[in-house]
Amino acid sequence: MTLSTSAEGVSEDRRTPSAGIGRAHAKAILLGEHAVVYGAPALALPVPQLTVTAVARWSSRGTEEPGDVSFTMTGAPSRPMVAQASDGLRRLITAFTATLGTDDGPHLDVTVDSAVPPGRGLGSSAACARAVVHALADLHGREVTESETFDLVQTAENVAHGRSSGVDARAVGALSPLRFHRGEVQELSIGCHGLFVIADSGVVGRTKDAVKLLREGFQQHDGAEERFVRRASWLTEAARHALAAGRPEELGSRLTDYHDLLRAHGLSTRGIDDLVEAALTAGSLGAKITGGGLGGCVIALTRPERARDVVQDLQAAGAVQTWVVPLRGPADHVL
């Protein structure tokens with residue numbers, strides 16, 4: 001269906017915008033990586049400094065069949081990541097049309113500008129997918145519920161990652177730290193303030209390899225899966241209670257304990273361990289790998305007065321980028 005556009009940029013027949021815009025942001029997992037896929041809880045932190053903006057518009061190109069889509073991705077994604085993301089986003093667009101009953105135009109141009117480095121466990125693919133969902137909704141003049149958004153983002157995530165827990169799909173649209181458990185989310189109670197420092201190792205994580213490595217380890221040792229999930233669940237819930245009760249030292253200790261758990265299962269690397277050690281030596285209350293593992297980022301909890309030292313020592317230990325995220329709850333309107 002071809003849309004005619006007036007001088008005000010609104011289609012004359014459907015009164016929808018000539019271009020739709022959607023936005024999302026990065027996230028970091030505080031605790032619960034891998035275990036969340038086995039039904040354990042996970043805690044996630046929005047990272048609003050790293051944004052994704054998607055723009056969807058109908059093209060005047062006349063050679064393509066209805067429903068054809070072209071993607072332009074700018075910012076952080078690398079060429080291999082663009083190809084992988086495009087496959088998932090095409091599936092998402094097909095699902096969007098089927099779910100909301102929208103018409104295909106002659107050709108859809110989608111531009112995604114992402115500041116989220118891919119392959120670092122920061123939710124790049126989920127953030128891109130969420131931004132595209134809302135850009136499409138804006139283009140069609142439709143409202144999408146959070147449940148519809150989640151399902152559509154998961155369509156793309158399952159192409160990108162295989163079996164996706166759903167925590168990324170929720171966290172890249174969250175305004176405050178959240179707990180994710182078996183598809184349900186709740187905002188975390190925040191009883192203490194502080195800063196999280198996220199450090200990029202510069203090495204792309206290998207989530208699928210990490211998942212396979214963990215699964216093979218479970219298969220080789222009776223009871224290994226149950227022990228891992230039980231320990232991960234205990235650490236995650238202990239961290240949640242420490243956060244709510246205003247015990248930052250205990251929260252930090254649980255972060256470091258969770259890193260030790262992942263490292264014991266072969267999911268860390270020498271470079272990541274060096275960054276964790278640097279953060280702790282500089283005065284962090286706790287530090288761990290965040291995301292799928294075998295590369296990616298480290299997250300460290302620190303008091304504000306120690307943040308400069310932590311950042312400097314992380315950079316000296318090899319971090320190629322760092323971001324500082326305040327630990328505040330929804331009432332503070334920061335996250």
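What is the mean pLDDT of the chain, and what share of its residues reach 70 or more? The mean is 87, and 86% of the residues get to 70 or more, pLDDT being the predictor's confidence in each residue, from 0 to 100. This is a predicted model, in which local features need pLDDT of at least 70 and side-chain atom pairs count only at pLDDT 80 or more, while totals for chains, interfaces and linings use all residues. Residues are numbered from 1 along each chain as its sequence is written, and side-chain values use heavy atoms, with hydrogens and water left out.

Over residues 1–15 pLDDT stays under 50, and the model has 27 contacts beyond four places in sequence for them; contact here means heavy atoms within 4.5 Å. Residues 331–335 also stay under 50, with 13 such contacts.

Now for the helices. Helices (H or I, at least four residues) and strands (E, at least two) are DSSP runs, numbered from the N terminus. Two packed helices are described by the angle between their axes and the distance between the axes. The axes are lines fitted to C-alpha atoms, for helices over the stretch in contact, and angles run from 0 to 180 degrees between N-to-C directions. Angles under 35 degrees count as roughly parallel, over 145 as roughly antiparallel, 65 to 115 as roughly perpendicular and the rest as oblique.

Helix H5 (residues 207–220) and helix H6 (residues 224–245) have axes that come within 7 Å and cross at roughly 125°, so the two are oblique to each other. On the H5 side, Leu214, Gly217 and Phe218 meet Ala224, Glu225 and Phe228 of H6. That contact splits into 4 nonpolar, 1 polar and 1 charged residue, where Ala, Val, Leu, Ile, Met, Phe, Trp, Tyr, Cys and Pro count as nonpolar, Asp, Glu, Lys and Arg as charged, and the others, Gly among them, as polar.

H6 goes on to pack against H7 at about 160°, with the axes 8 Å apart, and the pair is therefore roughly antiparallel. Residues in this contact include Phe228, Trp234 and Leu243 of H6 and Arg254, Tyr258 and Leu262 of H7. By class there are 12 nonpolar, 1 polar and 4 charged.

H7 (residues 248–264) in turn packs with helix H8 (residues 270–281), again at about 160°, their axes being 12 Å apart. That makes H7 roughly antiparallel to H8. Thr256, His259 and Arg263 of H7 touch Ile272, Asp273, Val276 and Leu280 of H8, giving 3 nonpolar, 2 polar and 2 charged residues.

Finally, charge pairs. The whole structure holds 14 salt bridges, each a side-chain nitrogen of Lys or Arg within 4 Å of a carboxyl oxygen of Asp or Glu. Lysine 27 forms one with aspartate 168, their closest N and O atoms sitting 2.9 Å apart. Lysine 27 is in strand S1 (residues 19–31) and aspartate 168 in helix H4 (residues 167–171), so the pair ties together parts 141 residues apart in sequence.
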